[in-house]
Every structure is written in C-alpha cells, then in structure tokens.
Amino acid sequence: MREAIVKLQGLESSFPCASWLPVMCQNPTVMSLVLANKVDSQPTSWHARRNIIGTIFKVSIVTTALIMGMRSVGMLQSWELMAFDAMMRSRPDEGQDPRILVVTVTEADVRSQPPKERGGASLSDRALAQVVEKLEQFQPRVIGLDIYRENHVGAEYKKLSRLMQKSDRFFAICEVSEENKSSGVSPPPEVPKQNLGFSDVIPDPDGIIRRQILAMAPALPCNVDKSFSFQLANRYLLALGIQSKLTTEKNWQFGNVVFKNLESNSGGYHRIDNLGHQVLLNYRSSHQAATQVTLADVLNNKLTSDLVKNRIVLIGTSAESFHDYWSTPYSASQWSYNQMPGVMLQAQMVSQILSAVLDNRPLLWMLPKWGEFIWVWGWSLIGGIIIWQFRSWLRLGLVGVATVCVLYGVSFAALIQGAWIPLVPSVLVLIVSGVSIIIYTSSSSDQRNQ
C-alpha cells in the first residue's frame with residue numbers, strides 16, 4: 001500500500017489527492033490505521049495548492065513586465081492601432097451632426113466652370129461669390145472655406161472681397177510650412193488673421209489620421225496658431241456664450257470641457273510627435289458626419305433655410321483630381337469610400353469639439369501608465385487561473401475563446417464611453433501566462449516522475 005501511495009504521489013499535480021485512493025478495509029469498531037495518513041496528507045494538498053498560486057502570481061508578474069516592456073518600445077503599436085481601428089468601425093451609427101452643412105465641389109462642378117475663370121483652382125471667384133451670396137441669405141452662423149486661395153479676388157467681385165475682409169463669420173485656411181516636406185500655402189490676402197486657421201493634419205506612420213491638432217506655434221507662411229476646425233467651432237460656441245481658454249496645464253478648454261493634450265507615449269502610441277495641442281479624434285460613427293450638398297445644388301437654388309440657418313457651412317473639394325483625400329480608421333472597411341475628403345475630415349474635427357461641449361459626447365482618453373499595467377496584469381492572472389482550473393483541452397479552448405470575447409467586449413464598451421484601454425497587450429498576457437503555466441506544471445510533473 002505504501003508503494004502504491006508513493007507512486008501515485010507523482011501524479012498529484014495532474015490528479016489532486018490521487019495518493020488517497022489506496023485504502024484498507026477493516027472493522028468499523030476498530031480505530032482506523034490510515035487516519036494519521038489522511039490527516040498528514042491534507043497539509044500536503046494545501047501546500048501544493050499554495051505553490052501553484054504562488055507560481056501563477058510570479059508568472060503573471062513576469063509576463064506582464066515582458067509584454068508591457070515590449071509595448072513601451074513600440075513593438076505593439078501597429079497591432080494596437082489596428083485593433084483600435086477595428087473597434088472604431090464596429091461602433092453603432094450616431095447619425096449626422098445637425099449643426100454642420102458641407103458644400104462639396106465635385107468633379108462635375110469643376111468641369112462646369114470655365115477653365116479661364118478658375119485657373120488651376122477648384123472654385124473660381126465667380127462661383128465662390130455666387131455660393132457665398134446664396135448662403136448668406138439663409139443666415140449661417142459660420143462659413144468656412146476649406147480651399148486654398150493665395151491670390152486676390154478679382155476686381156469685379158468687390159462684394160465678395162468686402163465680405164471676406166469685414167465678416168466675422170467667414171473663415172479660410174492656410175498651410176504651415178513643413179521642413180523637407182512642403183513650403184506651405186499662404187492665406188487669402190483679404191481674410192484677416194483672426195479669421196484664419198491652419199488646415200494641417202498629422203498622419204500616423206501607417207498614413208491614417210487618428211489625431212486632431214487644435215493649436216500650435218505659428219509658422220510661415222500661414223503664421224496662425226489655431227486650426228481651422230478650432231476657429232469654426234470656437235466661433236459657433238461664442239454665439240452661445242461659451243468661450244475657450246488655455247488652462248494652467250496648457251490644455252484648451254471650451255466651457256467646462258477640457259481637451260487634454262496627448263503625451264508622447266499615450267495609450268498605444270510610442271514616441272509620437274506631440275508638439276502643439278493634439279487630441280485623439282473621436283470620429284462620428286456615421287456614413288456622413290454632416291449633411292452634404294454639391295456646388296451645383298447651391299447654384300441651382302436647392303438650398304432651404306433649415307439646411308443653412310445657424311449652421312456651420314463648410315465649402316471644400318471632393319473632386320478626385322485635386323487629391324484632397326485622407327486615410328481614416330474607416331478606410332479599411334466596406335463603406336462607400338476608402339478615403340475621406342479633406343472637407344469631411346474637417347467636419348469630423350469640428351463635430352468632435354461641438355459634440356463634446358454641447359452634447360457631452362465623450363472625448364477619447366487613456367488610463368495612466370500604472371493603471372494600464374494593473375489592467376494588463378489582471379488579465380495575466382486570469383490566464384493562469386484558467387489553466388489551473390481546466391485540465392481538459394476542449395474545456396480549456398472553449399473557456400479561452402470565451403475569455404478573449406469578454407475582453408474584447410469590455411474594451412469595446414469602454415471605447416464607446418471614450419476609454420481606449422489596452423486590448424492587444426491584455427490578449428497577449430492572457431495567452432503567454434497560460435502557456436507558461438502549462439510548461440511549468442508539465443516540467444514539474446516530469447521531474448517528480450523521474
């Protein structure tokens with residue numbers, strides 16, 4: 001019996017309490033001969049359980065430190081951004097922002113204008129004067145021209161020139177010069193500096209726009225410090241008595257909403273260029289962020305007061321020949337477009353500011369670094385506990401898949417509420433810690449059997 005117990009003790013890691021199986025039958029009126037052995041075996045079982053718990057704890061710490069170390073040097077950035085995009089595309093449709101109207105200059109609109117009038121631009125002076133006149137009669141709150149115009153308006157369009165100079169609700173764009181990339185684009189000569197905004201955006205290394213610049217240090221030839229989207233949203237909110245200011249922490253604040261600047265290593269990012277005041281762009285999950293009409297619609301008197309009055313009207317080019325298209329998290333989806341026209345991208349940025357201030361729509365934010373570590377470590381512990389509790393490969397597989405689905409669901413629900421929590425690192429530690437526990441227990445069992 002002693003030999004059987006000794007042999008079965010080698011299987012305790014896979015079959016707890018296996019050494020208890022051999023028993024001796026005896027007269028129930030006589031004191032048990034194996035009572036002492038049973039009492040002695042209980043501490044042994046508790047000791048083994050305590051050992052495996054300690055092992056899970058140690059393995060979880062090591063795997064979390066390893067994965068988070070890889071993350072801190074940027075090895076997981078591309079995977080995290082892909083996961084972020086996938087969750088962004090999966091969000092429910094929010095509908096259009098009712099405060100914005102977009103007037104697009106299509107390829108057909110470009111061809112309909114005499115080439116001598118428009119030159120190399122997408123919109124001639126005559127067409128712009130007609131559009132602005134038709135919009136003004138419906139009293140928009142702001143008009144934003146998302147088309148570069150470096151030259152003076154023709155002498156025959158004095159009314160347009162005067163409006164651009166005097167109106168406090170007409171805004172235009174320019175582009176900041178980038179070292180070794182472009183010489184920038186000068187603003188329209190008629191538009192005063194306080195009504196200008198830079199149109200610059202910062203693509204991530206994969207070419208996708210996920211960030212919005214609110215402001216940055218002025219640079220020639222644009223020489224303005226606020227973005228086009230900032231200027232349009234700020235003018236709209238001023239009419240409602242909501243002012244913007246720079247906080248003591250150097251974050252921009254509209255009313256009670258603070259737009260916290262991105263750090264160089266925010267969330268899944270590693271050592272990004274975070275100069276200026278940048279925030280994550282929480283795209284409005286809609287096929288179109290705003291109502292859209294064409295230049296032809298405006299010129300043919302198809303506008304109505306309810307489409308224009310008290311709205312921000314953006315005028316921009318969607319013609320493919322002008323190449324004003326950008327990749328977004330939605331570019332990899334099966335939506336009706338692969339890339340987003342620049343004017344619609346500006347509409348998304350304006351909508352983010354207005355929706356956060358007026359609708360309490362969440363801005364995207366990340367946990368602090370210590371919070372991310374604790375979150376990832378928790379999933380590492382879960383991975384080890386699952387391996388300990390489920391010995392069957394079938395059950396292990398089913399529980400593992402269910403756990404990953406739960407993790408994705410929690411991360412997705414958090415993103416809808418504005419929190420970008422680590423998904424890829426959590427999945428990795430869940431798997432790595434589980435595999436590590438399997439390897440450890442198998443090697444320990446082999447050593448005991450030898």
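In what order do the three strands of the open sheet lie, and is the pairing parallel or antiparallel?

A: The model is a predicted one. Its open sheet consists of three strands arranged in the order β6-β7-β8, and their pairing is antiparallel. At the edges stand β6 (244-246) and β8 (257-259), each of which pairs on one side only. From one strand to the next, the twist averages 25°.

The pairing of β7 with β8 can be followed in detail. Strand β7 comprises residues 252-254 and is joined to β8 in the antiparallel sense over three bridges. Within this arrangement, Trp252 is placed opposite Phe259 of β8.

Two helices lie across the strands. Helix α8, formed by residues 228-238, lies across β6 and β7 and runs at about 35° to β7. Helix α11, formed by residues 342-358, lies across β7 and β8, and its direction makes an angle of about 145° with β8.

Helix α12 spans residues 369-389, a total of 21 residues. The distance from its first C-alpha to its last is 31 Å, close to the 30 Å expected at 1.5 Å a residue. Several positions of α12 are buried, among them Gly371, Glu372, Val376, Ser380, Gly383 and Gly384. Trp379, Ile386 and Ile387 are likewise buried, and these three residues also take part in the contact with α13.

Two packed helices are described by the angle between their axes and the distance between the axes. For α12 and α13, the angle is about 165° and the axes are 10 Å apart. The two helices are therefore roughly antiparallel to each other, and their crossing is right-handed. On the α12 side, the contact is made by Trp375, Trp379, Ile382, Ile386 and Ile387. These residues meet Leu396, Val399, Thr403, Val406, Leu407 and Val410 of α13.

Helix α13 covers residues 393-416 and includes Leu415. Leu415 has a relative accessible area of 2% and is buried. Leaving aside residues up to four places away in sequence, Leu415 touches Phe84, Met87, Met88, Leu364 and Trp420. One of these contacts, Met88, is 327 residues from Leu415 along the chain, yet the C-alpha atoms of the two residues are separated by 7.9 Å.

Definitions and conventions. Residues numbered from 1 in each chain as written. Predicted model: local features only at pLDDT ≥ 70, side-chain atom pairs only at ≥ 80, totals over all residues. Heavy atoms only, no water. Helix = DSSP H or I, 4+ residues; strand = E, 2+ residues; numbered from the N terminus. Expected span 1.5 Å × (residues − 1). Buried < 20%, exposed > 50% of the residue type's maximum accessible area, 1.4 Å probe, protein only. Contact = heavy atoms within 4.5 Å. Pairing = 2+ DSSP bridges. Axes fitted to C-alpha atoms, helices over the stretch in contact; angles between N-to-C directions. Parallel < 35°, antiparallel > 145°, perpendicular 65-115°, else oblique. Left-handed = near helix turned anticlockwise from the far one by under 90°.
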